[in-house]
Amino acid sequence: MSGPSIHVERLVFAYPDGRQALYGVDFTIQRGERVALLGPNGAGKTTLVLHLNGILGSVAGGSGSGRIQIGGSDLHREHLPEVRRKVGLVFQDPDDQLFMPTVRDDVAFGPANLGLRGSELEDRVQEALVQVGMQDHADIAPHHLSYGQRRRVAVATVLAMRPEVLVLDEPSSNLDPASRRELADILSGLDVTLLMITHDLPYALQLCERSLLMDAGRIVADGETRDLLGDAELMAAHRLELPYGFDPLSVPGPER
Amino acid sequence: MSGSAGDGLLVVVDSRIHRLPAQVKIVALFVFVLAVVSTPAGVFWAFALYAVLLAACVALAKLPVATVMRRLAVETPFLVFALVLPFVATGPQIDVLGVSVSESGILGSWNVLAKGTLGVVAAIVLSASTAPRELLAGLERLRLPSTLVAILSFMIRYLSVVSDDLHRMRIARESRGYAGGRAGHLKAVAGGVGALFVRSFERGERVHLAMQSRGYTGRMPQLATSGAARNQWLEGLTISLLAVLIAVTARVASL
């Protein structure tokens, strides 16, 4: 793959009801980077992320302008399937992501759409489940799993497509502390470019060396996570707050 | 809460019937029920034989008799209808224990009762020996349109999610001190159903996004992996074919 993993230029988008969500977004994420996308509710984070694999935006037949490059090539209608393989999206609610009767079927859904069959498909499913430590739960129905397990399977469903970029929408939301840590262990062990929407600022600091701060449809800050979190004025201006007693300078950053 | 809706009605034991491919069992059920309903109501020995066949099936599937009995409860509305029939049907009357009832009504009642019960028990055997996923795979093998299979599959998957939603909404309502009468309660439930519909609709949109993100182009991947072998078909259809034999004999005998 040549070029940066994600390159976004002057991205503008309004929903069909006229609500403007993105007012010109520019950023570049290099291969292998781990980046957190921070910002208050309604800043346009999820909207932005849905552009990266062509669900929203002009490629999907919607309104909006701007340029998105994934792995150096422009987003085009013709290679949407390829882009959707490259950019793996993990949704916030695992019940939205897991819709097949069993965990195995669900993880197989993506690769099967890519045309894999038979033993090749089985190997791919097994590999993805092992990556998230859920290989012993393959034949269980998703609603029998705990919330943390469902989140991990949701990550596996995307990993099974061997994405080059993994995009997660609030991966730590609704998880108990142990599940949250287990997920961090899994994510930090993956060899992919990572873009993660989160309100969980310590989580961002733990996993991502770089952060983008988004507010009102624009990127308002881009820099090292520690610097951003340490800038009290910037944080306050965009409705971001650190948890009580948390000092971003007192903890080690991501271990690479 | 979510555990109860779990594997549908499956009773987890290992038996010959559990191991049969789902498509074989579906066809077997269909043929059996057809044979039963086409038997004239007056040929009582035929129904006795069907019952014996079914009992053998239940035993073969190692299903607990108590479970089968409990699940027979779905038949209750038909039972009520069957019990009313002798009193409302017209025709020649006979006296039973001093009460005058219609003769054709009694036969009709027996007809509903016998055929209904046999059909329900057969369906219970299928549902208790086949996991929902297998059932879907079986329907798919039987060339049910894949859209229908997908709809059924989503229904199974999201039934527990939606019923959890409903449960939470009820708790929220009661926690805020809701205490309407019976009618008021119905009204609140109706409103809740509206909200539930909107929620489910939105979830549907999100699920569709998630499907698209994983390369969905309008065709669900196949669930079924392998077809049934010839001897599996033979094994599975034995009881149904016996039932057909009985039905034909009964027809001929009652001519």
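1. Start with helix α1(A), which contributes five residues to the lining of the second largest pocket, the most of any element. Helices here are DSSP runs of H or I with at least four residues and strands are runs of E with at least two, numbered from the N terminus. This is a predicted model, in which local features need pLDDT of at least 70 and side-chain atom pairs count only at pLDDT 80 or more, while totals for chains, interfaces and linings use all residues. Residues are numbered from 1 along each chain as its sequence is written, chains are lettered from A and ligands numbered from 1 in the order in which they are written, and side-chain values use heavy atoms, leaving out hydrogens and water.

2. Now the pocket itself. The second largest pocket holds about 760 Å³ of space, and of its 32 lining residues the closest to the centre are Thr46(A), Thr47(A), Leu50(A), Gln92(A) and Asp169(A). A pocket is an open set of points on a 1 Å grid over the protein atoms alone, where a 1.4 Å probe fits and protein lies on both sides within 12 Å along at least five of seven lines; lining residues have an atom within 4 Å of a point. Grid points are joined across faces, edges and corners, and the volume is the space filled by probe spheres set on the points.

3. Both chains take part in this lining: β2 (20-29), α1 (45-52) and β6 (87-90) of chain A, together with α9 (182-213) of chain B, each supply at least two residues. By type, the lining has 13 nonpolar, ten polar and nine charged residues. Nonpolar covers Ala, Val, Leu, Ile, Met, Phe, Trp, Tyr, Cys and Pro, charged covers Asp, Glu, Lys and Arg, and the others, Gly among them, are polar.

4. Next, look at the open sheet of six strands in chain A, ordered β6-β7-β8-β3-β9-β10 with mixed pairing. Strands β6 and β10 (218-224) of chain A are at the edges with a single partner strand each, so one side of each has no neighbour in the sheet. From one strand to the next, the twist averages 20°. Strands β6(A) and β7(A) (residues 165-169) run parallel and are joined by four bridges; Val90(A) stands opposite Leu168(A). Two strands pair if DSSP finds at least two bridges between them.

5. Two helices of chain A meet these strands. Helix α1(A) packs on the sheet, touching β3 (34-38), β6, β7, β8 (193-197) and β9 (210-215), and its direction makes about 150° with that of β8(A). Helix α6(A) (residues 147-159) lies across β6 and β7, at about 165° to β6(A). Contact means heavy atoms within 4.5 Å; axes are lines fitted to C-alpha atoms, for helices over the stretch in contact, with angles from 0 to 180 degrees between N-to-C directions.

6. Chain A also has an open antiparallel sheet of four strands, in the order β2-β1-β4-β5. In it, β4(A) (residues 65-70) pairs with β5(A) over two bridges, with Ile70(A) opposite Ser73(A).

7. Finally, turn to chain B. Leu63(B), in the loop between α3 (44-60) and α4 (65-71), is buried at 7% relative accessible area. Buried means under 20%, exposed over 50% and partly exposed in between, with a 1.4 Å probe and protein chains only. Beyond four places in sequence, Leu63(B) touches Val11(B), His18(B), Val58(B), Val68(B), Val125(B) and Ala128(B).
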